[in-house]
Amino acid sequence: MNSPAITIDGLTKRFGAVAAVDDLSFTVAPGRVTGFLGPNGSGKTTTLRMLLGLVEPTAGRALIGDRPYRQIRRPAQEVGAALEASSFHPGRTGLWHLKALAPQVGVSTARCREVLDFVGLTEAADRRVGGYSMGMRQRLGLATALLGDPRVIILDEPANGLDPQGIVWLRGLFRSLAHEGRTALLSSHVLAEVRSTVDDVVVISNGRLVRASTLTEFEDLAVHAVRVRTPSPASFVALARERDWRIEDAPGGFRVHGVDTATVGSAAFGAGIELHELTDAGADLETVFLHLTGSPTPSMGAVR
Ligand SMILES: Nc1ncnc2c1ncn2[C@@H]1O[C@H](COP(=O)(O)OP(=O)(O)OP(=O)(O)O)[C@@H](O)[C@H]1O
C-alpha cells in the first residue's frame, strides 16, 4: 500500500478546559478524496489548522507526507489549503489577491489567471472581492489552494455557499484532481454536500474519531428506505403497524424504513392495498451520520 498522504496521530488540542481535538488518529490515502465530517464545533477546523502549522498541538502529530507542514521546504507546491472563504481583503480584486500571493508561492501572473479560469472566475477577476457572493469566495479560496499546483489539497467546508450547480461543479473538479493523482481532504458538517464527491470518510464528534472508512463501507451501515404513495393511507398505516415497520409521513405519501420494495409490495398486495408508487428511497446516510455523531435527528415529518 502507498504511504499515507496525511497522517493524524494522537492529535490533541486543548483550549483551557475545552478539548477541541482529543487523541485523534487517522490517515488519508493518496490520490483519493476524503470527506472530513463532523457537526459544528467537533474540531474539524482546529485539526486542519494544526495540519497546516497554524495551531500548535497540545499532543500528537499531524503530517503531510512524512513531515509536519512547517518542515516542508516548498509548502505551496506540496499542499494547498483554503480554510475560510470570508478572509479575503474586500477591497482587492480576485486577481489582485492571487497576484499578492504569487511571489511567495513562486508562480507568475499567468498562473494566477489560469487558476481563476479553472475555478470559473475569469469574468470576475477584476471585480472587488467585497462584491463576490459566498460561492464566488469559495471558488477564489479554491483558486488560492491550487495556485502552487500542489499534490495535497485541504479545504474547510468548500461546499458552503455553493448552489446545487456549484456543488455539481465542485464534484467534477475533485474527481479530476483525484484522477491526476492528487489527494484532497474536505471538511463538511453536512454529509449530503460531499457524499457524491468523496471516496473515503472520516467522521469525528467532540474532537474524537467516530469512524474512518470508505464511503461504500459507510453506506453499508445505512438503513434502506422505501417511498410509498397509496390512495388508502389508513389501511397502509394499519399494515405498517401490523408488520412493525417504522413509517414516516413524506410529501404525498410515506417513507418506510428498514425494508425493501419487494417486502412492502408483496405485503400491500396481500392486504389488497393499491399502491401508486413504490420506490427505493436509497440509504438514509444522513441518519447514520447524525446517529454516529450523537446529533439530534431532525424531524422529517411525524414518525408513526
Ligand atoms: N482559539 C480558540 N479558543 C478557544 N476555543 C476554541 C478555539 N478554536 C476552537 N475552539 C473550540 O474548539 C471546539 C472545536 O472548534 P472547531 O472550530 O475546530 O470545530 P469545527 O468542527 O470546525 O466547527 P464548524 O463546523 O462550526 O466550523 C469548539 O468548542 C470551539 O469553540
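Two residues are in contact here if their C-beta atoms, placed from the backbone, lie within 7 Å. The model shown is predicted.

**View 1. Contacts of Leu-147.** Neighbours within four places in sequence are left aside.

**View 2. The largest nonpolar core.** This core holds 60 residues. Leu-147 is one of those that touch the most other members, along with Ile-6, Val-115, Leu-116, Ala-143, Ile-154 and Leu-186. Helix H5 (residues 134-146) supplies the largest share of this core, 6 residues. A second core is separate and has 12 residues, among them Val-228, Leu-239, Val-256 and Ala-268. In soluble globular proteins, nonpolar side chains tend to be buried together.

**View 3. The shell around the ligand.** Phe-15, Val-18, Ala-20, Gly-38, Asn-40 and Gly-41 are among the surrounding residues. The shell also includes Ser-42, Gly-43, Lys-44, Thr-45, Thr-46 and His-189. Strand E2 (18-28) and helix H1 (44-51) each give two or more residues. H1 gives the most, with 3 residues. By class, the shell has 8 polar, 3 nonpolar and 1 charged.

**View 4. The E8–E9 hairpin.** Strands E8 (residues 200-205) and E9 (residues 208-214) pair in the antiparallel sense, over 6 bridges. Val-203 has Arg-211 of E9 as its bridge partner. The hairpin leaves 2 residues between the strands. In the turn, Asn-206 has a positive phi of about 50 degrees.

**View 5. The two domains.** Domain 1 covers 6-214, and domain 2 covers 224-283. Their C-alpha centres lie 42 Å apart.

Methods:
Residues numbered from 1 in each chain as written. Predicted model: local features only at pLDDT ≥ 70, side-chain atom pairs only at ≥ 80, totals over all residues. Near = placed C-beta within 6 Å. Helix = DSSP H or I, 4+ residues; strand = E, 2+ residues; numbered from the N terminus. Nonpolar A, V, L, I, M, F, W, Y, C, P; charged D, E, K, R; others polar. Domains from an automatic or database assignment. Pairing = 2+ DSSP bridges. Core = buried A, V, L, I, M, F, W, Y, C linked by C-beta atoms within 7 Å. Buried ≥ 20, exposed ≤ 12 C-beta atoms within 10 Å, placed from the backbone.
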